[in-house]
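Subject: Model handover and findings

Hello,

Please find the model below. My notes follow it.

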Amino acid sequence: MRIGIDLGGTKIEALALGADGRELSRHRVPTPRGDYRACLNAVRDLVRHADELAGETGSVGIGIPGAISPATGLVKNGNSTWLNGEPLDKDLASLLGRPVKVENDANCFAVSEAVDGAGAGAGVVFGAILGTGVGSGIAIDRKPLTGRHSIGGEWGHNPLPWPQPEEMPGPACFCGRHGCIEQWVAGPAMSADHKRATGEAKSSSEIMAAADGGDRHAEATYQRYVERLARALAHVVNILDPDVIVLGGGMGNVARLYRDLPRLMPPFVFSDVFTTPIRPPVHGDSSGVRGAAWLWQE
């Protein structure tokens with residue numbers, strides 16, 4: 001049995017999978033925000049509950065919005081800031097009495113879709129979560145590419161490629177820089193761009209609904225969004241050349257992207273042809289917790 005934990009900022013979810021990938025149990029609790037020790041105890045209780053339901057002890061993989069630093073062994077880059085600077089994997093291994101694997105949640109997303117999702121059978125899968133922020137991960141032969149500094153796949157904090165004059169220097173990012181990809185292709189980024197252009201405050205879902213209803217201003221916002229996303233993904237293709245690209249998060253639900261991106265990306269791809277499939281996730285919001293479970297593979 002494999003147990004996956006999605007340790008998010010608002011909820012902690014546990015999923016137990018059988019050897020064949022069949023779901024055995026699932027349970028979630030609210031995240032004790034700001035309380036590191038309470039988070040550890042919540043994960044311990046969820047794992048014990050999964051063990052008891054299955055009648056066996058499972059391996060444990062955990063996805064977090066951050067990474068374990070190879071230099072210090074402590075969590076870094078986490079937007080759940082109370083995890084930063086803590087030896088999460090060691091503390092949980094001690095608490096649970098078994099080894100624990102911790103990975104970035106976007107890497108878990110990519111692994112899940114590579115194992116039995118939209119990238120099943122592909123050698124290299126690039127997964128991008130286009131939600132409140134932008135997370136991305138890489139799976140090679142169904143395993144996460146963590147990288148030397150545990151930042152493999154940190155696509156969202158690179159600058160938007162081939163920027164237009166009006167896109168420079170770009171919106172400020174929480175990382176301290178301007179013009180990061182996250183500030184152009186996350187859901188709130190679409191809203192911010194629409195407000196800059198029209199003065200209207202609308203969510204990304206409201207903008208897409210308006211665009212689909214024929215609103216020309218909303219349609220113009222979408223066209224700017226998808227063209228920027230095309231440039232940003234083309235940069236990934238030029239560096240990684242993945243076999244499959246999977247788009248998750250709220251913006252990954254926009255059906256028009258899967259029609260428009262293959263048309264817009266080729267001029268920016270350094271190749272005579274562009275055939276990379278761009279797909280929605282098979283497992284949707286469950287991909288993160290599933291990928292955490294699949295961190296342990298035979």
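Here is what was found, starting with the ground rules.

This is a predicted model, with residues numbered from 1 along each chain as its sequence is written. Local features need pLDDT of at least 70, side-chain atom pairs count only at pLDDT 80 or more, totals for chains, interfaces and linings use all residues, and side-chain values use heavy atoms, with hydrogens and water left out.

**Largest pocket**

The volume of the largest pocket is about 1400 Å³. A pocket here is an open set of points on a 1 Å grid over the protein atoms alone, where a 1.4 Å probe fits, with protein on both sides within 12 Å along at least five of seven lines. Grid points are joined across faces, edges and corners, and the volume is the space filled by probe spheres set on the points.

The lining has 45 residues. Lining residues have an atom within 4 Å of a point. Pro 65, Asn 79, Asp 105, Ile 129 and Gly 135 lie nearest the centre of the largest pocket. By class, the lining divides into 11 nonpolar, 24 polar and 10 charged residues. Ala, Val, Leu, Ile, Met, Phe, Trp, Tyr, Cys and Pro count as nonpolar; Asp, Glu, Lys and Arg count as charged; the others, Gly among them, count as polar.

Strand E2 (11-17), strand E3, helix H3 (105-116), strand E9 (134-140) and strand E11 (244-248) each supply at least two residues of this lining. Helices (H or I, at least four residues) and strands (E, at least two) are DSSP runs, numbered from the N terminus.

Ser 25 lies in E3, which spans residues 23-30. Its relative accessibility is 13%, so Ser 25 counts as buried. Buried means under 20% relative accessible area, exposed over 50%, and partly exposed in between (1.4 Å probe, protein chains only). Ser 25 is in contact with Ala 14, Leu 15, Ala 16, Ala 50 and Leu 53, leaving aside neighbours within four places in sequence. Contact means heavy atoms within 4.5 Å.

Asp 6 sits in strand E1 (residues 2-7). Asp 6 is buried too, at 14%. The side chains of Asp 6 and Lys 11 are joined by a polar contact of 3.4 Å. That term means a pair of N or O atoms within 3.5 Å; within protein, one must be able to donate a hydrogen and the other to accept it, and residues adjacent in sequence count only if both atoms are side-chain atoms. Not counting residues up to four places away in sequence, Asp 6 touches Lys 11, Ile 12, Glu 13, Gly 63 and Val 289.

**Cysteines**

How many disulfides does the structure hold? It holds 0. A disulfide is a pair of cysteine sulfur atoms within 2.5 Å. Cys 175 is in no disulfide, and its nearest cysteine sulfur, that of Cys 180, is 3.7 Å away. Cys 180 is in no disulfide either. Cys 175 is partly exposed at 29% relative accessible area, whereas Cys 180 is buried at 2%.

**Backbone points to check**

Met 168 and Pro 169 are joined by a cis peptide bond, with omega about 5°. Pro 169 is in the loop between strand E10 (143-144) and helix H4 (182-185).

Asp 141 is not a glycine, yet has a positive phi of about 50°. Arg 142, also a residue other than glycine, has a positive phi near 75°. Asp 141 is exposed, at 56%. Arg 142 is partly exposed, at 35%.

**Helices**

His 194 is in helix H5 (residues 187-198). Its relative accessible area is 0%, so His 194 is buried. Beyond four places in sequence, His 194 touches residues including Gly 199, His 217 and Arg 224. His 194 and Pro 70 are 124 residues apart in sequence and 40 Å apart in space, C-alpha to C-alpha.

In helix H8 (residues 256-264), the buried residues include Arg 256, Tyr 258 and Asp 260. The buried residues of H8 pack against helix H6 (204-212), helix H7 (216-240), E11 and strand E12 (278-279).

Ala 54 is in helix H1 (residues 36-54). Ala 54 is partly exposed, at 31%.

Best wishes
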